[in-house]
Structures are given as structure tokens and as C-alpha cells.
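Here is a friendly walk through the model on your screen. Keep the sequence and the 3D view side by side as you read.

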Amino acid sequence: MQRHPASPHPLSRRSALAAGAALLCSGWAGAQPAAVPAGTPGWPAKPLRIIVGFPPGSSPDLTARTFTEPLAQALGQPVIVENKVGASGNIGADAVAKAADGHTIGLFINVNLTIAKLINPALPFDPRRDLAPLSLVGVSPLVLTAPAAQAGVPAHADARTFLQAARQAGDRWSYGTPGVGTVGHLGTELLKARTGIAPVHVPYPGYPQVAMGMLGGQLQMALLPPALALAQQKTGKLQLLGVTSSGRSLLAPGVPSLAEAGVTDFHLEIWNAFAAPASMPAAVRARLSALIAEIARRPEVREPLFQQGWQVAGTSAEGLARRIEADTAQMERVVRAQNIRIE
């Protein structure tokens with residue numbers, strides 16, 4: 001399962017990014033209408049708890065903590081982050097799904113809400129049934145990255161040239177990811193299907209170890225978060241070939257999209273989002289959804305989120321539900337085609 005990078009992304013620009021996907025979300029527990037109730041009398045009656053399935057200082061933890069003060073001011077109650085670490089965020093996700101106090105929500109990465117159940121049917125919670133979307137907070141592409149110099153690839157190769165070399169290398173090349181079932185893993189398998197390349201998957205404990213694998217010559221390519229890729233590019237040891245978003249990204253200034261290299265029908269992002277237990281009252285969820293979306297778009301929140309490596313979305317509950325449905329459908333095709341499972 002996915003291990004999310006633990007350090008914030010040191011970037012300096014900001015941009016709002018609208019989330020969108022074309023699929024319907026009627027199957028999701030708790031999909032909310034756009035209208036927000038005028039009030040939720042008697043709520044909150046105690047502090048709001050945000051469960052994060054990753055350690056203090058991790059990217060999801062930093063995102064959640066960015067919201068605590070403005071949420072507390074808006075709700076008139078303290079907002080507390082509680083870290084329940086393990087199983088690539090799924091222990092925390094299970095705790096949110098089972099919370100029945102009406103005052104617990106969670107900050108999730110996309111794997112917990114899209115891929116996890118696909119590759120592990122024995123997961124103790126079902127995100128579609130047990131969790132209700134609140135708001136997509138931030139998105140980021142990954143960056144196709146390779147060693148700056150390696151056999152078979154001309155110096156300063158562009159993505160087209162690199163992918164041609166990868167096709168010629170076949171399964172003699174390897175690519176690294178932070179684990180089976182991560183966005184980097186399934187995303188590269190999708191890239192293989194779109195381009196005809198055939199590198200072999202090598203899982204590592206996390207993204208930093210993947211970068212070290214490329215620096216050490218064990219790997220020929222990987223999809224990395226922009227901040228890590230940019231930091232290694234500055235040393236001259238890795239080259240950045242293209243971002244996986246449909247267009248260029250301010251998170252990776254100057255890096256072309258893979259679409260510019262002729263890679264079609266390929267759009268891949270990592271993201272984080274708030275969701276609530278499906279058992280939380282609908283009016284409370286609607287109020288939280290509206291608050292979180294509004295707070296995310298404030299300049300004093302948008303800037304720290306960008307510094308952490310996220311382009312702000314701040315969507316409605318329906319916007320997040322549509323994104324989950326679209327990404328789940330995309331990843332389900334990859335999982336089925338490659339028969340990827342974690343037992």
C-alpha cells in the first residue's frame with residue numbers, strides 16, 4: 001500500500017486547481033446536494049477530531065494541521081489532529097469509518113479512497129459504503145524521472161526519446177515505487193499500457209529510497225513527487241522528463257507534460273481530501289464540506305498548502321465523489337489487467 005512522502009514540498013508559487021471528473025457519484029454514501037443548511041443546532045457540542053493515518057510531520061498530517069485553526073474559529077470548538085498510523089493510512093481510515101460520535105472526520109490520500117479496496121478485498125472498511133466525501137483539498141502530478149546519464153539514453157533526452165529507448169530496452173529496465181498498489185505503481189503500469197514500454201516493477205519503502213535507487217543505478221525510471229524530483233534535478237543527477245497531469249503544473253515549473261510527448265489518454269495525480277463517517281448526520285456533513293472548501297481557498301491557507309506541494313482544489317462533496325469515482329474506475333482497469341492484489 002502507499003507510503004506517502006513524509007516531508008513538505010518546498011515550492012514558492014500558488015495556484016487554485018479545479019477538480020473535475022465525468023463520472024456520476026450516485027453510488028457513494030452521503031453524496032450531498034450543493035445547498036448548505038442554514039445551521040446545525042447543537043453541533044458541534046465538543047471538539048472536532050481529524051484522524052490522519054500517517055505520522056506527525058508527514059504530508060497528510062501537515063495538511064490536516066493547516067485546517068485546525070480556521071476550522072476551530074468557524075466552529076467555536078477546538079479541532080484536534082489524531083494520528084492513527086499503519087497499513088499505509090488504512091488503520092486511520094478504518095477508525096474514521098467506524099467513528100460514531102458525530103465529531104470525527106479524516107484527512108485521506110487518494111489510495112485510501114480509491115485503490116485500497118481494489119487490491120485488498122479483505123480491507124475492514126468499504127470507502128464507498130462507510131465514508132462520505134467532504135472536499136478534495138489539493139492535487140499534485142507525479143514527474144517521470146530518470147538518471148541524468150544512463151546507457152541507451154542520449155544526454156538531455158526529451159520524453160519522446162526516453163520512451164523510445166525504454167521500448168527498446170524492454171524488461172531489461174526497472175522502475176521503482178513506494179510499494180505495491182501505490183499511485184506510482186499503478187500509474188506506471190498505466191503508462192506502460194499507453195506507451196508500449198515494459199520495465200519491471202521494484203517496490204521500495206518510500207519515495208526517497210526510490211530516488212536513491214535511480215542514483216545508484218538500480219533503477220532506470222520512476223514517477224516521483226515534484227519536490228523530490230526537483231531537488232535531485234538541481235544536483236544534476238536526475239532528469240525530469242514530464243509531468244503526469246494533462247497540462248503543465250506550477251508545482252514543476254518548466255517541466256513539459258507527457259501529453260506534449262504524445263502520451264495520450266493518460267492523466268495521473270496524487271491528492272488529499274477530507275471525508276467523514278457515512279453515519280455522520282447529513283446536515284453536519286454539508287456544513288463541514290462547505291467550510292473546508294471555503295477555508296482551502298483562502299490565501300492564508302492556499303499558500304501553506306502550495307508550500308507543502310499541493311495545488312488547491314477546495315471542491316464540494318460532489319466534486320470529490322466524482323473524482324473518487326473517476327480515479328477508481330481508471331485504477332480498477334489497471335488492477336484487473338495486471339491482476340494486482342495484496343492479501
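Strands β6 and β7 run parallel and are joined by four bridges; helices (H or I, at least four residues) and strands (E, at least two) are DSSP runs, numbered from the N terminus. Within this pairing, Y175 has H201 of β7 as its bridge partner. Please keep in mind that this is a predicted model, in which local features need pLDDT of at least 70 and side-chain atom pairs count only at pLDDT 80 or more, while totals for chains, interfaces and linings use all residues. Residues are numbered from 1 along each chain as its sequence is written, and side-chain values use heavy atoms, with hydrogens and water left out.

**The five-stranded sheet**

Which sheet do β6 and β7 belong to? They are part of an open sheet of five strands, ordered β7-β6-β8-β5-β9, with mixed pairing. Because β7 (200-203) and β9 (238-243) stand at the edges with a single partner strand each, one side of each has no neighbour in the sheet. On average, neighbouring strands here are turned by 30° against each other, direction ignored. Two strands count as paired if DSSP finds at least two bridges between them.

| Strands | Sense | Bridges | Example pair |
|---|---|---|---|
| β6 and β7 | parallel | four | Y175 and H201 |
| β6 and β8 | parallel | two | Y175 and M221 |
| β5 and β8 | antiparallel | three | V143 and L224 |

Strand β6 covers residues 174-177, and β8 covers residues 221-224.

Helix α7 (residues 183-195) lies across β5 (143-147), β6, β7 and β8, and runs at about 150° to β6. Helix α9 (residues 226-234) lies across β5, β8 and β9, at about 140° to β9. Axes are lines fitted to C-alpha atoms, for helices over the stretch in contact, and angles run from 0 to 180 degrees between N-to-C directions; contact means heavy atoms within 4.5 Å.

**Nonpolar cores**

A nonpolar core is a set of buried Ala, Val, Leu, Ile, Met, Phe, Trp, Tyr and Cys residues joined through side-chain atoms within 4.5 Å. Which members of the largest one touch the most others? Among its 80 residues, they are I50, F67 and I105. Leaving aside neighbours within four places in sequence, the contacts of I50 include A64, L71, V81, I105 and F274. Another core, of 18 residues, lies apart from the largest one, and I51, A273, A313 and I324 are among its members. In soluble globular proteins, nonpolar side chains tend to be buried together.

**Backbone details**

Most residues other than glycine have a negative phi, and most peptide bonds are trans. W43 and P44 are joined by a cis peptide bond, with omega about 5°, and P44 sits in the segment before β1 (48-52).

A87 has a positive phi of about 55° although it is not a glycine. A87 lies in the loop between β2 (79-83) and α2 (90-98), and counts as partly exposed because its relative accessibility is 46%. N339, also not a glycine, has a positive phi near 55°. N339 is found in the segment after α12 (317-338), and is exposed, with a relative accessible area of 59%.

**The whole chain and its confidence**

The protein chain has twelve helices and eleven strands. Buried residues make up 59% of its 343 residues. Of the contacts with a separation of 6 or more, 79% are between residues 24 or more positions apart.

pLDDT is the predictor's confidence in each residue, from 0 to 100. Its mean over the protein chain is 88, and 88% of the residues reach 70 or more. Over residues 1-38, pLDDT stays under 50. Where pLDDT is low, the predicted coordinates should not be read in detail.

How values were computed
Buried means under 20% relative accessible area, exposed over 50%, partly exposed in between (1.4 Å probe, protein chains only).
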